[in-house]
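Here is a short report on a two-chain model. It covers the interface, the helix packing and a few backbone details.

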Amino acid sequence: MSEDMSRRCFLKSGLLVLAVAITPGALVLMNVSPGAAAPATPFRPHAFVELDADGSVTVWVGQTDLGQGTHTGMAMIIADEMDADWNRVRVRTALAAEPFKDPEWGMQATGGSTSIRHRWDMLRKAGAAARLMLVQAAARQWGVDPAACTTAAGQVRHPDGRSLGYGELAARAAALRVPADPLLKNPADYAVIGTLRRRLDMEDKVQGRTAFGFDFRVPGMCTAVLAHPPRFGARPLSVDADAARQVRGVLDVIPVGDAVAVCAESTWSALQGRDALKINWSEGSHPNLNDEAVNAELLAKLDGPAAVAEDAGNAAEALFAAATVVESVYAVPYVAHAQLEPTNCTAHVEKDRCRIWAPTQGQTAAQDEGVRLCGLPPEKVEVMTTPCGGGFGRRGEIEVVTEAVTLSKALRRPVKVVWTRGDEFAHDVFRPASICRIRGGLDGDGSLVAWSHRLVASSIMSRLWPSAVQNGLDPTSVEGVEGMPYSVPNRRIEYAIPDLPIPVGWLRSVGNSYNCFTVESFVDELAHAAGKDPVEFRLGLMEKDSRSHRTLSLLAEKAGWGGPVPAGRGRGVAVTQCFGSSVAQMAEVSVDGRTGVITVHRVVCAVDCGPAVYPDAIVAQMEGGVVMGLSIALHERVKFAKGGVATSGFSQYRLLGMKEAPAVEVFIAESRHPVGGIGEPGLPPIAPAVANAVFAVTGVRLRELPFSRDALKTAVA
Amino acid sequence: MISLKVNGTVHEVDADPGTPLLWVLRDNLGLTSVKYGCGEGMCGVCTVLVDGRAERSCVTTVESVQGSEILTIEGLPADHPVKAAWTELQVPQCGYCQTGMMLQAVDVLTARPDLPDGEMAAAMDSVACRCGSHPRVIPAMRQAAGKMKEEKP
């Protein structure tokens with residue numbers, strides 16, 4: 001077998017179907033600086049690792065680190081299996097390329113908490129293969145049996161006391177075949193996985209050296225700011241750019257699709273130029289759209305035809321026969337991503353080359369867009385992922401790539417497109433607003449026998465992947481209702497798509513984020529109706545010893561559930577199982593009867609995410625999920641008026657402040673389950689946990705997000 | 001020409017007097033640690049120190065800070081207690097807001113190092129973070145405050 005063939009086999013066995021052979025030519029694609037050639041490194045067994053003669057290890061990643069610590073976690077897995085010296089490991093972002101495509105999705109993208117979840121085997125094999133080759137190189141040099149050699153901290157050792165550093169072995173190892181199926185470590189032998197490590201991006205972030213997409217510069221670049229349509233479906237009828245062109249530093253005014261771009265020598269000039277544009281916009285597709293109209297459409301779809309997501313047993317009959325029926329309607333508004341680094345992209349289109357630098361979660365989509373706009377083959381379209389100032393799903397969209405590539409083509413120079421905060425709110429792809437009606441039936445013993453759920457929410461897949469929507473059902477819209485951790489013998493889940501022009505998209509935990517609020521609040525209502533403790537009631541509905549059962553049990557133990565609660569406070573719990581993990585949270589709250597302000601004093605969080613690769617990142621993701629989820633629960637609502645988005649900035653869209661943030665205690669379960677995601681599952685439970693706690697202390701059931709202070713004022717006073 | 005003293009160095013900058021300090025620092029001086037977040041002084045990620053006090057550079061004109069000492073995160077010593085605590089407690093997630101967050105913390109800790117946690121949180125309330133690094137900020141400030149006291153008894 002040729003060396004190349006064996007490499008292909010290795011990568012295939014690692015769940016990758018590798019179209020690009022790992023040759024020096026392909027390595028250029030992985031250089032962090034697309035303009036420069038990759039330095040010659042002696043040992044690069046595959047796309048993921050390079051070992052220098054000085055013993056330093058570079059881990060190449062294609063996943064986007066939006067702050068989750070993914071890059072460090074991925075490097076930890078490879079370094080551990082490789083037995084590399086962690087102090088000599090660095091991580092670099094690769095250009096978009098075949099080897100970095102998701103082994104399950106077949107495209108390069110970051111979302112769904114998959115970066116490690118979908119690559120656990122592949123990354124371990126990548127590290128283990130490199131290690132085995134280094135061992136074989138040492139054994140050959142010493143003339144000993146490789147099986148007698150051990151490795152640790154970047155060295156191969158022999159029982160007779162001899163040792164060789166990895167760097168010394170790099171050249172010899174490079175001549176060996178890549179093993180197809182290297183032996184993986186016993187988890188008990190992990191030395192890096194599961195330990196506290198300094199995040200590899202920490203120093204740069206603290207010293208202000210991290211260059212985000214917004215900070216990216218390339219020689220000869222100009223900056224563009226666009227005037228986007230102020231209403232859905234609006235187009236520019238006439239553009240008077242005279243005043244804009246008079247602004248100092250403005251270079252050109254160019255239409256891009258339905259927007260008008262002002263290109264300038266500096267960001268400030270571009271911003272002033274945009275302000276000086278006089279555009280007469282058409283009235284758009286839904287000139288009368290406003291909050292009331294949105295609400296009316298959502299409510300209208302609560303009745304009438306719907307897709308059926310799940311139909312088990314006979315929910316209608318079981319409800320008819322039930323001793324007690326509980327019925328509630330819940331509502332959640334549109335929510336914005338509000339990632340702090342606004343959308344941006346830099347592009348440089350040349351005759352036979354297109355370069356794209358973007359803080360993107362969708363590398364393949366960005367590359368495809370470059371291919372489409374430039375008519376170049378994919379290998380001529382280089383996509384470099386910059387560090388991202390948050391993302392939460394927003395950066396899977398590629399409209400800004402379209403804008404930057406189009407403008408660079410027109411101007412024949414590098415162009416950086418930046419969005420303003422106003423653009424960000426007006427043209428986000430929001431978390432869908434949703435209304436649902438839930439009916440639950442309890443038998444005479446207070447056991448849950450029926451669950452009937454009608455959910456109305458705009459469909460994300462209808463826009464992004466219409467073929468995934470079969471018979472009117474978008475599976476991502478009902479996730480969290482479908483797949484709830486409870487067994488109910490008679491279940492019916494219906495789903496209807498409202499007729500609304502508001503674009504919706506992925507936002508951290510997607511359907512789970514709002515469905516967990518309604519499901520877990522309603523489970524609490526049922527527990528109350530059954531006269532049972534909320535934790536006991538939930539555990540009784542779960543398969544004993546299942547992942548969620550164990551996670552909720554761990555939470556109850558750590559939170560001291562059932563123990564004394566400080567005077568004036570209430571406690572609530574909620575559970576989610578999503579993205580391959582299970583998370584349970586308890587909130588302890590008080591409510592000021594005069595102002596209706598909810599204070600969350602304490603949050604306890606239990607998480608089972610399988611092997612805990614990077615515990616500090618898991619803790620950070622749970623903390624972040626709680627803070628973002630609480631922000632959404634207490635404050636966030638995007639408003640609409642006159643056919644467009646009315647919310648224009650942070651003055652109308654408050655994020656959770658420092659003084660409202662609770663302490664979060666995180667407990668990671670000893671897991672017996674496969675590796676799960678951590679970026680998303682920390683968010684869903686906090687809103688219902690708080691609502692349930694508010695009910696415990698006030699008797700008021702909050703069925704709408706964000707929580708209304710007025711409702712609490714009246715009730716508590 | 002506008003004369004700006006940034007991180008101890010005086011720069012002559014060709015900018016209109018009304019230009020926000022943010023854009024001059026970023027586009028003219030290349031100090032991209034100073035972030036754009038909203039442009040209306042609402043999110044705080046553009047925070048810099050002007051004569052030791054935290055100011056929102058996106059709503060501060062360059063004209064108004066001529067003759068002042070402007071400090072960005074690059075000008076804060078690499079081993080400053082705030083940077084050390086931020087690193088040790090691994091406060092940043094995406095990190096975009098953290099340069100502004102740290103400079104706000106420097107102002108708060110310099111002026112009032114003994115604030116109780118609640119008031120310290122209130123003093124940090126105006127810097128936004130979307131990742132949810134919040135639970136680590138006050139513990140990091142406590143740690144930094146201790147070290148700053150040791151260094152300056």
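How many salt bridges does the rule find across the interface of chain A and chain B? The rule finds 8. The model is a predicted one, and all values here are computed from it.

**Interface**

On the chain A side, 61 residues are in contact with 51 residues of chain B. The two chains bury about 4400 Å² between them. Of that area, 56% is on carbon and sulfur atoms. A salt bridge joins Asp125(B) to Lys659(A). The closest N and O atoms of this pair are 3.8 Å apart.

**Salt bridges over all chains**

The structure as a whole holds 59 salt bridges. One of them pairs Lys185(A) with Asp80(A), at 2.5 Å from N to O. Lys185(A) sits in the loop between helix H5 (166-174) and helix H6 (202-206) of chain A, while Asp80(A) belongs to helix H3 (residues 70-82) of chain A, so the pair ties together parts that are 105 residues apart in sequence.

**Helix packing**

| Helix pair | Axes come within | Crossing angle | Handedness |
|---|---|---|---|
| H2(B) and H5(B) | 8 Å | roughly 140° | right-handed |
| H2(B) and H3(B) | 10 Å | roughly 130° | right-handed |
| H16(A) and H20(A) | 8 Å | roughly 30° | right-handed |

Take H2(B), residues 81-88, and H5(B), residues 134-151. Their axes cross at roughly 140°. The two helices are therefore oblique to each other. On H2(B), the contact is made by Pro81(B), Val82(B), Ala84(B), Ala85(B), Trp86(B) and Glu88(B). On H5(B), the residues include Val137(B), Ala140(B), Met141(B), Ala144(B) and Met148(B). Gln143(B), Lys147(B) and Glu151(B) of H5(B) also take part. By class, this contact divides into 10 nonpolar, 1 polar and 3 charged residues.

H2(B) also packs on H3(B), which spans residues 98-111. The axes cross at roughly 130°. That angle makes H2(B) oblique to H3(B). From H2(B) come Val82(B), Lys83(B) and Trp86(B). They meet Gln98(B), Met101(B), Met102(B), Ala105(B), Val106(B) and Leu109(B) of H3(B). The classes are 7 nonpolar, 1 polar and 1 charged. Val82(B) and Trp86(B) take part in the contact with H5(B) and in the contact with H3(B).

In chain A, H16(A) covers residues 511-530 and H20(A) covers residues 686-698. Their axes cross at roughly 30°. Why do H16(A) and H20(A) count as roughly parallel? Angles under 35 degrees count as roughly parallel, so this pair qualifies. In H16(A), the contact residues are Cys516(A), Phe517(A), Glu520(A), Ser521(A), Asp524(A) and His528(A). In H20(A), they are Ala687(A), Pro688(A), Ala691(A), Asn692(A) and Phe695(A). This contact has 6 nonpolar, 3 polar and 2 charged residues.

**Backbone details**

Most residues other than glycine have a negative phi, and most peptide bonds are trans. Two places in chain A call for a look on that count.

Which peptide bond is cis, with omega near -15°? The bond runs from Leu705(A) to Pro706(A). Pro706(A) lies in the loop between H20 and helix H21 (709-716) of chain A.

Ala153(A) has a positive phi, near 45°. This alanine is found in the loop between strand E5 (150-152) and strand E6 (155-157) of chain A.

How values were computed
Residues numbered from 1 in each chain as written. Chains lettered and ligands numbered in written order. Predicted model: local features only at pLDDT ≥ 70, side-chain atom pairs only at ≥ 80, totals over all residues. Heavy atoms only, no water. Axes fitted to C-alpha atoms, helices over the stretch in contact; angles between N-to-C directions. Helix = DSSP H or I, 4+ residues; strand = E, 2+ residues; numbered from the N terminus. Parallel < 35°, antiparallel > 145°, perpendicular 65-115°, else oblique. Left-handed = near helix turned anticlockwise from the far one by under 90°. Contact = heavy atoms within 4.5 Å. Nonpolar A, V, L, I, M, F, W, Y, C, P; charged D, E, K, R; others polar. Buried area = accessible area lost by both parts, 1.4 Å probe. Salt bridge = Lys/Arg side-chain N within 4 Å of Asp/Glu carboxyl O.
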